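Please read the numbered points beside the coordinates.

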Amino acid sequence: MADTAPASELVTLEVDGRSVEVAPGSLVWDACERAGVFVPVYCAHKKLEPVAVCRMCLVEVQGMPKLQPACATRVSPGMVVRTATEQVRKFRDSNLEFLLLNHPLDCPVCDRGGECDLQDFTQRYGPGQSRQSITEKVHFNKAVPLSDKIILDQERCILCWRCVRYYEEITGEREIVLQERGVHTLVDTFEHQPLRSEFQGNLPEICPVGALTHAKYRFRARPWDLRRTASICSHCSYGCSVFVDAREDQVARYASSDNPDVDDSWLCDRGRYSFPELNRKDRVLSPEAATAGGRQVVSYQDALGRAAGQLLRVGSDNGGEAIGVIGSDLMTNEEAFLLQWLARDIIGTPHLGHRLLPAPEISPLDFELGIAEIEECDQVVVLGPLPEQLAPVLTLRLFKAGTKRARKILRVEAPFTVAAIRKQVIGEGRVGVVAAESDREAALKLRTALTGAGRRCEVLTLMERVNSRGCQDLGLLPGWLPGYRRAPSPGMELPDILEAAIAGRIKALLVVNPGPDLEADPRLEAALKGAEVTVVVAAFPGVASRNATVLLPGRTIVEKAGTVTNAEGRVQRVRTAVEPKFAFPSDLKILGDLARAMGGELGAQPLAGPVYDLLARAVPAYRGAQAGLRPRWEATA
Ligand code: SF4
Ligand code: SF4
Ligand code: FES
């Protein structure tokens, strides 16, 4: 709230002798932050309403007889705030002594040690010694499993209420309560029921101490053991920002990183706890080739030469159209762009795809509505449960729009008949329609009907995987060139490519980063066996790698660098958080090297930056969007 008002309306006040201007209604805490003055807080949290229960943030305000909580006191013109007076110092010291009275001496064995506000503030403001004997402490239960994901240590709790308020204000669920009174007050689940929320993984982050911890991170690392990399959750197309905290070559945890335009600070449990899959020990670690003597480990150059030679031979014997190219929506934008270029311009085939579902009439109208813009719509129509199942954090945005912004959320069940939904859409204002990709047609029909009736109406379509949108934007589909331009030749969809390989009409397959859906499809094995040549780039062993005539080791999303595009069309960076166990080139470089070995010239280094420049030339909407922006599709019109 600190600085969005016009300059003429700003409130001027003084904090520790510094003059600051903030928006009317701002908190003294905001003003202190703006002045660059740190005020310690426990119960206050930027995403929660103030309650002022911990008293850690008390400051002097000239003219007021008692210390005031900075987290709950609104600014007024000419206010004079002092945060470092003797009175404030003494109060903080006593407050910390009080908080530590019954706090266990757990720091050496607490998962929060090294990133705990109680440790940090005690060191900075607290008493050097305790006047309480260690034998007099009141004890509560330790290591209570609240679910298979969250562990509660009741005696580490400082009763800040953040966990209770998180449920009330952010998810709308009521799973955690404060029980008993006075010194016996403790946090527990309602009637000792296990936590069921899909968002409980946010609790350890919202808890300022080590009372709530992740079962999966328990005793796994200290903060100083971790290497933190800002990236994107790879588990769905919503594209929440995460910090990937890695210890050596393993991801130790995903932590949230506030992107107000997308996740608003929160992760769903499905995404947060998806990282063990990336730590799998069974990996494709070296290039291999099928030889007369069976499968052999070969050098990278040998594998590349064989892959190029085999694909060229099939192309010259049967034409490029006898080759099918299969990518996946786990690829980065740069990889997707390079793969479609390799397929169309070097191999000469229109048969390429990245998804088993057909994509008939895709268009940028599918993602006109931004995620944060949901809060600006007067009414939001959600078509069935699928959008929230595909991207759980969407539920929190809808809850916020409904409660904090008083927007009308209309959840409708299938069948989605435009006439029936239109009757429920009231008023004159802006309407958002949120749909799963499988219901995009119904969403667009509703849009047409409402815009025809003079309403402003935009659609947000949720897709399945991290880069489903980017692969589509960049033309890794038959019939669509990068930037939603129609291809001259329609080409076969992925399922038809598999069927054609089984029937012997497709003679070679190039498969890059096969996703779980493709690996689970029974047609894949038959298609690979039916083709004469199968060049595979894969991170994990599976059907594709087992049936490759040439196999090259691929990378997981945390081992890659590049960009991905989320459901609303926002281009976001993924960064290398973990180095793979092998020293072979990245998937992007493999594609560039393969193209060159087949006689193609990319005209740029096969690295994320130069390839992004190339793709932005082909798709002008992507120009300048790699800084976390949504491409302006009208620029291509
Ligand atoms: S468990 Fe953590 S968040 Fe909840 S009240 Fe205790 S200290 Fe606060
Ligand atoms: S909503 Fe999607 S992107 Fe966000 S944390 Fe969950 S799985 Fe990850
Ligand atoms: S942070 Fe202000 S009273 Fe708790």
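**Notes on the predicted model**

1. Gln379 has Val431 as its bridge partner in β20. These residues belong to strand β18 (residues 379-383) and strand β20 (residues 431-436), which pair in the parallel sense over four bridges. Strands here are DSSP runs of E of at least two residues, helices are runs of H or I of at least four residues, and both are numbered from the N terminus. Two strands count as paired if DSSP finds at least two bridges between them.

2. On conventions, the model is predicted, so that local features need pLDDT of at least 70 and side-chain atom pairs count only at pLDDT 80 or more, while totals for chains, interfaces and linings use all residues. Residues are numbered from 1 along each chain as its sequence is written, chains are lettered from A and ligands numbered from 1 in the order in which they are written, and side-chain values use heavy atoms, with hydrogens and water left out.

3. β18 and β20 are part of an open sheet of four strands, ordered β19-β18-β20-β21, with parallel pairing. Because β19 (408-412) and β21 (457-462) stand at the edges with a single partner strand each, one side of each has no neighbour in the sheet. From one strand to the next, the twist averages 20°; axes are lines fitted to C-alpha atoms, for helices over the stretch in contact, and angles run from 0 to 180 degrees between N-to-C directions.

4. Ala406 lies in the loop between α10 (393-403) and β19, and its phi is near 55°, a positive value in a residue other than glycine. Pro415 is placed in the loop between β19 and α11 (418-424). The peptide bond from Ala414 to Pro415 is cis, with omega near 0°.

5. A second open sheet has three strands in the order β11-β12-β13, with antiparallel pairing. Its edge strands, β11 (227-232) and β13 (250-256), each pair on one side only. Here the twist averages 30° from one strand to the next. Strand β12 (residues 241-247) is joined to β13 by six bridges in the antiparallel sense, and Phe243 has Ala255 as its bridge partner in β13.

6. Which strands pair with β14? Strand β14 (residues 288-291) runs antiparallel to strand β26 (residues 550-553), with two bridges between them. β14 also pairs with strand β15 (residues 294-297), in the antiparallel sense over four bridges, and a hairpin joins β14 to β15 through two residues. Ala289 has a bridge partner in each: Val550 in β26 and Gln296 in β15.

7. Ligand 1 sits in the largest cavity. A cavity is a set of points, on a 1 Å grid over the protein atoms alone, where a 1.4 Å probe fits but cannot get out; a molecule sits in it if more than half of its atoms lie within 2 Å of its grid points. Of the 13 residues around ligand 1, Cys157, Cys160, Trp161, Cys163 and Cys207 come nearest; a residue is counted if one of its heavy atoms lies within 4 Å. The shell has 12 nonpolar, no polar and one charged residues, where Ala, Val, Leu, Ile, Met, Phe, Trp, Tyr, Cys and Pro count as nonpolar, Asp, Glu, Lys and Arg as charged, and the others, Gly among them, as polar.

8. Ligand 2 takes up the second largest cavity. Its surroundings include Cys233, His235, Cys236, Cys240, Cys268, Pro392 and Val393. By class, this shell holds eight nonpolar, three polar and no charged residues.

9. The domain assignment gives domain 1 (7-84), domain 2 (107-115 + 132-279), domain 3 (288-355 + 467-636) and domain 4 (364-462); such bounds come from an automatic or database assignment. Taken over C-alpha atoms, the centres of domain 1 and domain 4 are 38 Å apart.

Technical notes
On a 1 Å grid over the protein atoms alone, a cavity is a set of points where a 1.4 Å probe fits but cannot get out, and a pocket is an open set with protein on both sides within 12 Å along at least five of seven lines; lining residues have an atom within 4 Å of a point.
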